[in-house]
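Hi,

Here is the structure I said I would pass on. Have a look at it first, and then read my notes below.

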Amino acid sequence: MRAITAAILLALSVVTAAQAQTYDPRYPVCLQVWGTDGSSISCRFASMGQCRMVASGRAAQCVSNPYFAKRRR
């Protein structure tokens, strides 16, 4: 019984970890936003300028995506 419970908990933790992906490797720039409930990171910007337009006037900053997968030619 303990082995089954442990296997279920392990499977759930793996599924949760896969959904917690923060950095999208398709985009080179991320926006980090701070709020009263914490901070969030959204990697969906093609350039720093595009990200800065969205961040303007907010408690936010634009950062380079450390997991950006550059296209190979």
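This is a predicted model: local features need pLDDT of at least 70, side-chain atom pairs count only at pLDDT 80 or more; totals for chains, interfaces and linings use all residues.

Is Asp24 buried or exposed? Asp24 is buried, as its relative accessible area is 18% (buried means under 20%, exposed over 50%, partly exposed in between, with a 1.4 Å probe and protein chains only).

Residues are numbered from 1 along each chain as its sequence is written, and side-chain values use heavy atoms, with hydrogens and water left out.

Back to Asp24: its side chain meets that of Arg26 in a salt bridge, at 2.7 Å from N to O (a side-chain nitrogen of Lys or Arg within 4 Å of a carboxyl oxygen of Asp or Glu). Arg26 is exposed, at 61% relative accessibility. The structure holds 1 salt bridge.

Now the inside. Val29, Leu31, Val33, Phe45, Cys51, Ala55 and Cys62 make up the largest nonpolar core, 7 residues (buried Ala, Val, Leu, Ile, Met, Phe, Trp, Tyr and Cys residues joined through side-chain atoms within 4.5 Å).

There is also 1 aromatic pair in the whole structure (ring centres of Phe, Tyr or Trp, the last by its six-membered ring, within 6.5 Å; planes under 30 degrees apart are stacked, over 60 edge-to-face, the rest tilted). Tyr23 and Tyr67 form this tilted pair, with 5.3 Å centre to centre and 50° between the planes. Tyr23 is partly exposed at 23% relative accessible area, whereas Tyr67 is exposed at 53%.

Cheers
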